[in-house]
Amino acid sequence: MKKIRAVVIGTSAGGLNALSRIIPELDKDFPAPLILVQHMSPDGSNYTVSLLDRQSELTVKEADEKEIPKAGTIYVAPPNYHLLVERDGTLELSVDPRINYSRPSIDVLFETAAEAWGEELLGIVLTGANSDGSKGAEKILAMGGRVLVQAPETADAAAMPEAAIKRCKKAEVIPLEEIALWLNINCKKRNI
Amino acid sequence: MKKEKILDNEYLEMDLLLEGIYRKYGFDFREYSGVHLKRRLSHRLSVSGLKSFTQILHRVIYDEEFFKLVLLDLSINVTEMYRDPAFYLTLREKVVPYLSTYPFIKVWHAGCSAGQEVYSDAILLEEEGLLGRTQIYATDFNERILKEAGEGIYPIENIKAYTENYQKAGGKASFADYYSANYDSAIIKPALREHILFSFHNLVTDGVFGEMNMIFCRNVMIYFNKELQNRVLKLFHESLVPGGFLCLGSKESLKFSEVEDRFEIVSAAQKIYRKKR
């Protein structure tokens, strides 16, 4: 397996709950950036950012355009913007039309991150009530990356993990309570 | 072929397509961010049934109508009336008091797209009693979008969201006062349009637009690379009178740009700046 250079995460309904069980549990020297899309209302303040930042030792911030992601930092898509990854790994924002009725859209993040990081990318699909993210997860696998999906029975809303599993036979399915540990162990590994 | 190599080739083809568009038609997208361009051009690829960016290039060169479609793909910026209501609230509170002291006000909406934010601004100025002595210039590089903006006709199903935004933005009247409904369309009141001049201007290739008191350019520059952003910001600086205001999108800023120290911050959260005297 290749070293994991970056982690992209997508979630919707129930997401904050799931993220609160993952992000605060990550090692404080976590060796990769985590980039996150959570569906939310377009004019809402980014409550996810402030809550997770308070809960965890890692820095959680809203992503800025042209930002270069750093290891151990969690970048959250701002409300009403798509978050994309330029091929050199720089973060980009856009106000392009909604995809899967969503802006930010998980597919947009996953598809562009897949082209930026290829085999060294890990995508994670968490709880959610729609199917955004499954197309992007498929692209991550096609580019040689890995995909983790929260086990639907451990999700507040099972539709999003189920859609991802259905579309991605090679996805690894893991219960919520084990995801943080999985990340701490697997992201540390070097190239073998 | 290795996936990386395939991607390299796709990006090479995309560069050549942009070069071709520039050489043939003069529209310069070579300094836009690659990932944005690729998503938009890939959309055209999938709906046109073509197989590669090189095939798009061939068609673009020989078929101007097809080029116009590609230009539309590359130029549409989605927006809505009173996008970011808090921005307009701040505009009322912190900028209008200054504008009120001017005998005549010139405003430039750069990259106005279909005009929603231009009309939002016009309504705000009207409610503050300033529109009568204001000239708004609304520019875009796409003639077709400019025409749409000038007509000021929007789908009626958007009006509910616009009305909500208007109220949150501190609107002083009923939003229905500013449009008339006609079947499935809402038409902006012609009186507002009298103070707006819609015209062609390309931020990438055209020059200074002079003596402005206020410039709006929201969520346009996020599609540009850093060098182009810098150039356009300098263009805005030159186009403003001393003390003139610059309004950017909520995720854009002057930070790390060459003009950062030539502006003071009016609202850090709403990205409103003022050119130093």
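In the predicted model, buried residues account for 43% of the 277 residues that make up chain B. The secondary structure of this chain amounts to 10 helices and 10 strands. Its radius of gyration is 20 Å, close to the 19 Å that the globule rule gives for 277 residues, so chain B is as compact as a globular protein of that length. Of the contacts in chain B with a separation of 6 or more, 75% are between residues 24 or more positions apart.

In chain A, attention falls on a pair of helices, H3 (residues 106-117) and H4 (residues 134-142), whose axes come within 7 Å and cross at roughly 10°. Because angles under 35 degrees count as roughly parallel, H3(A) is described as roughly parallel to H4(A). On the H3(A) side, the residues that meet H4(A) are Ile106(A), Asp107(A), Leu109(A), Phe110(A), Glu111(A) and Ala114(A), while H4(A) contributes Lys135(A), Gly136(A), Ala137(A), Lys139(A) and Ile140(A). Sorted by class, this contact holds 6 nonpolar, 1 polar and 4 charged residues.

Between the two chains, 21 residues of chain A are in contact with 17 residues of chain B. On the side of chain A that touches chain B, the elements that give two or more residues are strand E5 (82-85), strand E6 (91-94) and H3 of chain A, and the largest share, 3 residues, comes from E6(A). By class, this side of chain A has 8 nonpolar, 4 polar and 9 charged residues.

Key
Residues are numbered from 1 along each chain as its sequence is written. Chains are lettered from A and ligands numbered from 1 in the order in which they are written. This is a predicted model: local features need pLDDT of at least 70, side-chain atom pairs count only at pLDDT 80 or more; totals for chains, interfaces and linings use all residues. Helices (H or I, at least four residues) and strands (E, at least two) are DSSP runs, numbered from the N terminus. The radius of gyration is taken over C-alpha atoms; the globule rule is 2.2 Å times the number of residues to the power 0.38. A residue is buried if 20 or more other C-beta atoms lie within 10 Å of its own, exposed if 12 or fewer, and partly exposed in between; C-beta atoms are placed from the backbone. Two residues are in contact if their C-beta atoms, placed from the backbone, lie within 7 Å. Axes are lines fitted to C-alpha atoms, for helices over the stretch in contact, and angles run from 0 to 180 degrees between N-to-C directions. Angles under 35 degrees count as roughly parallel, over 145 as roughly antiparallel, 65 to 115 as roughly perpendicular and the rest as oblique. Ala, Val, Leu, Ile, Met, Phe, Trp, Tyr, Cys and Pro count as nonpolar, Asp, Glu, Lys and Arg as charged, and the others, Gly among them, as polar.
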